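Trainee: I am new to this structure and would like to know what stands behind the words used for it. Can we go through them one at a time?

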Amino acid sequence: MTSTFRVLSLIPPMTQLNTPYPSTAYLTGFLRSRGIDAVQEDLALALVLQLFTPAGLEAVRGHALAQPEAQRSGSVHAFLDQFDAYRGTIGPAIAYLQGRDPTLAHRIAARGLLPEGPRFAALDAYGDDGSGDPLAWAFGALGVQDKARHLCTLYLNDLADVLRDAVDPRFEFVRYAESLASSQPTFDPLAAALAAPPTLVDELLSELTLSAIHRHQPTLVLLSVPFPGSVYAALRIAQTIKTQHPHIRIALGGGFVNTELRELSDPRVFDFVDFVTLDAGERPVLSLIEHLQGRRSKQRLVRTFVRESPHPDPLPEGEGEGEGERAAGTVRYIHLAEPDIPFEDVGTPTWDGLPLDRYLSLLDMLNPMHRLWSDGRWNKLTVAHGCYWKKCSFCDVSLDYIGRYETATAQKLADRIQQIVEETGQTGFHFVDEAAPPKALKALAEELIRRQLNISWWGNIRFEKTFTPELAELLAQSGCIAMSGGLEVASDRLLTLMKKGVSVEQVARVTKGFSDAGILVHAYLMYGFPTQTLQDTVDALEYVRQLFEAGCIQSGFFHRFSCTVHSPVGLNPAEYGIQLIPLPPVSFAKNDIGFIDPTGTDHEALGIGLRKAIYNYMHGLCVEDDVRRWFEHLPHKVPKPTVNRHRIGKALAAAAR
C-alpha cells in the first residue's frame, strides 16, 4: 500500500477526442477542495494516440496481413495498398488535428498528401459548384483550415474502419463495444468478452493502465463510465489492475451506472471492481475514502453496491470447500441516508493532469452548429444540477441527475469560470446542463459582462417563452454562440402528451430570437413517440422544414424514441396508449424497454426519410421542396401535410407586430 491515500480518476475508452469528458475533472476538483490527494488521466485519448502512430499502424498492418485476403474489407485493402503513405502521414495528421502544425493545412486541403480510403467516396455526394472542388461550396476559397480538418477526420475514420475490420470488430471512436453493455439484462456478453484473449487494442490499453498506476501509485481508482461504449474498456482496465496490483481498490460509477445498473445483482462484476456507486459521486466517494481509511464501517457507505461472501470468516488455510461459492458471493446495496454535497460546495473542476494540448479537433459534420460537439476543446461546466422542469415524459425524471435540482449563484459560477480560464488558458465553455435555467443564465450573463470576462459558451435549454429576444441579445453579448434544445416531435398534440410545456409556434419565436441575435440553434428532434402516426410524422417534418426556411434553426438531429424504465412512459405506459414488452430477468443492465404501439406505424422506414431531409436542410438544400419527396422509398402513398405551408412565417410575423 502507498503511504499517502491517493485517488486516481480515469476516463476509459471511448468518450471524446476533442475535449476531456468532465466527470474526472469534477471529482478531482471536488476531492482536492477537501484536502484529498487526487489525480486524473484520460486513457481514451492516450489509447487513440498510441494506436495512431507509425508503430501502432505497423501493428495494425500485421493483423491485417494475417487475415485471409478474401476476408479483407475494402477499408483493409485500401489501407494495405497505401500503407507507406499512411505510415508517413499519421504523425503530421495527428499534429495538425492537435493544432501543433497549422501550416500543413494547405497541403492537406489540396488532396495530395493524405491517402484516401472508402470514407472519401462520400465527398462525391457533395457535387461540384464548377470550381472542380466538391468541397468548395462548404469551405470556399478561404476555409483551408476547416477543409483540411474535415479531410483529416475522414482519414482517421478510414483508419478506425481498418481497426474494426482487422483488429477488433467492436472498435469505434465513441460506441466502443457498446452492444456488450447497453440494456444487457445479464453480464454474460461482457464476461465472455473479458475472458477472451486480448486484442491489440486491449494490450495497448493494458500497457497504458499499468503505466498510469506506476506513475501515480493510487490507493483507490475511480472508473467513470458515462456511456455503454466505455464499459468494456473500463472493465479491461480494472482487470489489468486486479491482476497486477490486487491491493488497489477500484470503484465504478458514472452516467451508465446511474441509469442502467440500479438493479445490479450479478456478483461477477465484482471480480473486476470492488465498489459500484450510484448518482452524484461526491458523497459516495467521500464515504468510500473514509471506509478505506478505517474511519467508517462498510455498513455506513452511501449509494454503493458491494459483494459479500456467504462465508464472512476466512476459511482456514488449505481448506478449499466453499471457495467457488465465496468467489461468487452476493451483491448488497448499502445506503446510509446522508445529504448530498450542495451544488454550491462541489468546488471548481480542474483539468490538471490532462494533456489539453493533445486533444484532436475533428470536423465530422460540415454543419456549423453540429460540429461543436467534436471540434475545439471546450471547458465543460454545469450551471445547475438536475432539471428545473423535470416533467418530460420521455426523460428519466425519476433519477437523481434529473430530479434533484440545485443551483449556484452567478457569482460562484463566474468564479469557477475565471479559475478554469486561468488554469487552462482557454475561454471556450460548454454548459452541459440537462436544461440550463433561464433565470440562472440571465444572472450569469450579467455577471460575465460586469466582470468583462470574455468567453465563448454554448449549452442546452428548453425553448420556453422566458427566452425573449431581449434575453437572447443579452446572452449573445455575454459570449453565447449556440444553443440546443428539444423540439422533439414538432406536433402540438404530441408535445402536450409528452408534457414538454412548449408549442411549435413558441419554439419558432424563441429560436428566431436566438438566430436574430447571431446564436446558432440546434433542435433535438424525435420520431416514434407513442401514438405517433404517419400523418403526425409528415406534419412534424413540414414544421421542421418551415423552421429551417424561416432561419429559426440551423441544425437538427432526428432521434428514434426509446422507452426507458425510469421515464413516465416506462413507468405508466397505459397513459400513453402502449403496452410494454416484458423484460427477461435482469441481473445487470436495465434501461430500454420494448413496447407495442397500437398505431402500427413503420417508424423504421420513416426514419430513413427524416434523416435524409434533415441532412439536406442543414446544408441548405431542398428546403422549399414538398416534404413527401423524402418518403418516396415507401411502398404506399404518403399523405400531404395538414399544416399550412406558411404557418411558421405567419406566427413569426404576428409576434413581430
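Mentor: Start with methionine 483, which lies in strand β13 (residues 480-488). Keep in mind that this is a predicted model.

Trainee: Why is methionine 483 counted as buried?

Mentor: Buried means under 20% relative accessible area. Methionine 483 has 0% relative accessibility, so methionine 483 counts as buried.

Trainee: Which residues is methionine 483 in contact with, leaving aside its neighbours within four places in sequence?

Mentor: Among them are Met369, Leu441, Trp457, Phe514 and His522. Contact here means heavy atoms within 4.5 Å.

Trainee: Which strands form the open sheet that includes β13?

Mentor: Six strands, in the order β8-β11-β12-β13-β14-β15, with parallel pairing. The edge strands are β8 (379-381) and β15 (555-560).

Trainee: What makes β8 and β15 edge strands?

Mentor: Each of them pairs on one side only. On average, neighbouring strands in this sheet are turned by 20 degrees against each other, direction ignored.

Trainee: How do you know that β14 and β15 pair?

Mentor: Pairing needs at least two bridges between two strands. Strand β14 (residues 520-527) is joined to β15 by six bridges, and the two run parallel. Methionine 526 stands opposite histidine 559 in β15.

Trainee: What lies across this sheet, and at what angle to β12?

Mentor: Helix α17 (residues 438-451) lies across β11 (428-431), β12 (456-461) and β13, at about 175 degrees to β12. The angle is taken between N-to-C directions and runs from 0 to 180 degrees.

Trainee: How does the reach of α17 compare with the expected span?

Mentor: α17 has 14 residues and reaches 20 Å from its first C-alpha to its last, close to the 20 Å expected at 1.5 Å a residue.

Trainee: Which parts do the buried residues of α17 pack against?

Mentor: They pack against α16 (410-424), β11, β12, α18 (469-477) and β13. The buried residues of α17 include Leu441, Leu444 and Glu447. Just after the helix, glutamine 452 has a positive phi of about 55 degrees.

Trainee: Is lysine 500 buried or exposed?

Mentor: The cut-off for buried is under 20%. Lysine 500 has a relative accessible area of 6%, so lysine 500 is buried. Lysine 500 is found in the loop between α19 (492-497) and α20 (504-516). Beyond its neighbours within four places in sequence, lysine 500 is in contact with residues including Trp389, Arg462 and Glu488.

Trainee: And why does arginine 236 count as buried?

Mentor: The relative accessibility of arginine 236 is 8%, so arginine 236 counts as buried. Arginine 236 is in helix α11 (residues 231-244).

Trainee: What joins the side chains of arginine 236 and aspartate 202?

Mentor: A polar contact of 3.5 Å. The limit for the pair of N or O atoms is within 3.5 Å.

Trainee: Which strands make up the open sheet with mixed pairing?

Mentor: Seven strands, in the order β2-β1-β3-β4-β5-β6-β7. β2 (37-42) and β7 (330-334) stand at the edges because each has a single partner strand.

Trainee: How many bridges pair β1 with β2?

Mentor: Strand β1 (residues 6-11) and β2 pair over six bridges in the parallel sense. Helix α2 (residues 43-51) lies across β1 and β2, running at about 35 degrees to β2.

Definitions and conventions
Residues numbered from 1 in each chain as written. Predicted model: local features only at pLDDT ≥ 70, side-chain atom pairs only at ≥ 80, totals over all residues. Heavy atoms only, no water. Helix = DSSP H or I, 4+ residues; strand = E, 2+ residues; numbered from the N terminus. Buried < 20%, exposed > 50% of the residue type's maximum accessible area, 1.4 Å probe, protein only. Polar contact = N/O pair within 3.5 Å; in protein donor to acceptor, adjacent residues only side chain to side chain. Expected span 1.5 Å × (residues − 1).
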